[in-house]
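Subject: Structure for you to look through

Hello,

Please find the structure below, and keep it open beside this message while you read. My notes on what was found follow directly after it.

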Amino acid sequence: AVERTLSIIKPDAVAKNVIGEIYNRFEKAGLKIVAARMIHLSREQAEGFYAVHKERPFFNDLVGFMISGPVMVQVLEGENAIAKNREIMGATNPAEAAAGTLRHDYAETIDANAVHGSDAPETAKQEIEFFFKADELCSR
Ligand code: CMP
């Protein structure tokens, strides 16, 4: 089925100036960008976005990293978009990410791991709504 998923290019990858390289990977895989925005998250926004991880030991480092610089946020649309984006990203820990994946090619550590992608339909819906209003999505 055609799905939408929320993708974030994290501060490390924005700083490396590889937004275009990453967009190229999405497009080559048949995913369309139907909304996009650059934003420097506040601490409150980052804590809200990652609220599900609030009790995890890595929460504070994660939030600190996500507010260390601007991020690029986009909605990707396409057949099987949620799983496809996760395949393109590779494993959460770049040390375990397969060759040719974004995290293998652009990420350094499990915190500075270049990209985020929704993990399931319900979280995709919530995460898209966190950043975009319905009329900001351009179906195409
Ligand atoms: P992301 O997909 O953005 O979702 C939560 C983030 O927490 C994850 O990518 C990692 O960057 C970060 N993180 C740090 N440590 C861990 C860990 N042990 N397990 C999962 N995620 C972690």
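The residues around the ligand are K10, Y50, H53, F58, L62, T92, R103, I110, D111, N113 and H116, where a residue is listed if one of its heavy atoms lies within 4 Å of the molecule. This is a predicted model, in which local features need pLDDT of at least 70 and side-chain atom pairs count only at pLDDT 80 or more, while totals for chains, interfaces and linings use all residues. Residues are numbered from 1 along each chain as its sequence is written, and side-chain values use heavy atoms, with hydrogens and water left out.

For K10, a polar side-chain atom lies 2.7 Å from a ligand oxygen; for Y50, the corresponding distance is 2.5 Å; and for N113, an N or O atom of the side chain is 3.2 Å from an oxygen atom of the ligand. Taken alone the ligand exposes 450 Å², and the protein buries 78% of that (accessible areas come from the Shrake-Rupley method with a 1.4 Å probe, and for residues only the protein chains shown count as cover).

Which residues does UniProt list under "binding site"? The record, an unreviewed entry, gives K10, F58, R86, T92, R103 and N113, and the lining of the largest pocket includes K10, F58, R86, T92, R103 and N113. UniProt positions follow the numbering used here, feature names are shortened, and annotations may be inferred rather than shown by experiment. A pocket is, on a 1 Å grid over the protein atoms alone, an open set of points where a 1.4 Å probe fits, with protein on both sides within 12 Å along at least five of seven lines, and its lining residues have an atom within 4 Å of a point.

Is N113 buried or exposed? N113 counts as buried because its relative accessibility is 2%, and the cut-offs are under 20% for buried, over 50% for exposed and partly exposed in between, with a 1.4 Å probe and protein chains only. N113 lies in the loop between helix 6 (102-106) and strand 4 (115-117), helices (H or I, at least four residues) and strands (E, at least two) being DSSP runs numbered from the N terminus. Leaving aside neighbours within four places in sequence, N113 is in contact (heavy atoms within 4.5 Å) with K10, D12, T92, P94, R103 and A107. The side chains of N113 and K10 are also joined by a polar contact of 2.7 Å, that is, a pair of N or O atoms within 3.5 Å, of which, within protein, one must be able to donate a hydrogen and the other to accept it, and residues adjacent in sequence count only if both atoms are side-chain atoms.

R86, by comparison, lies in helix 5 (residues 81-89) and is partly exposed, because its relative accessible area is 35%. Beyond its neighbours within four places in sequence, R86 is in contact with G117, S118 and D119.

The "active site" annotation, again from the unreviewed UniProt entry, covers H116, which is found in strand 4 and counts as buried at 12% relative accessibility. The side chain of H116 makes a polar contact of 3.0 Å with the side chain of E127. The C-alpha atoms of H116 and I9 are separated by 6.7 Å, although these residues are 107 residues apart along the chain.

Best wishes
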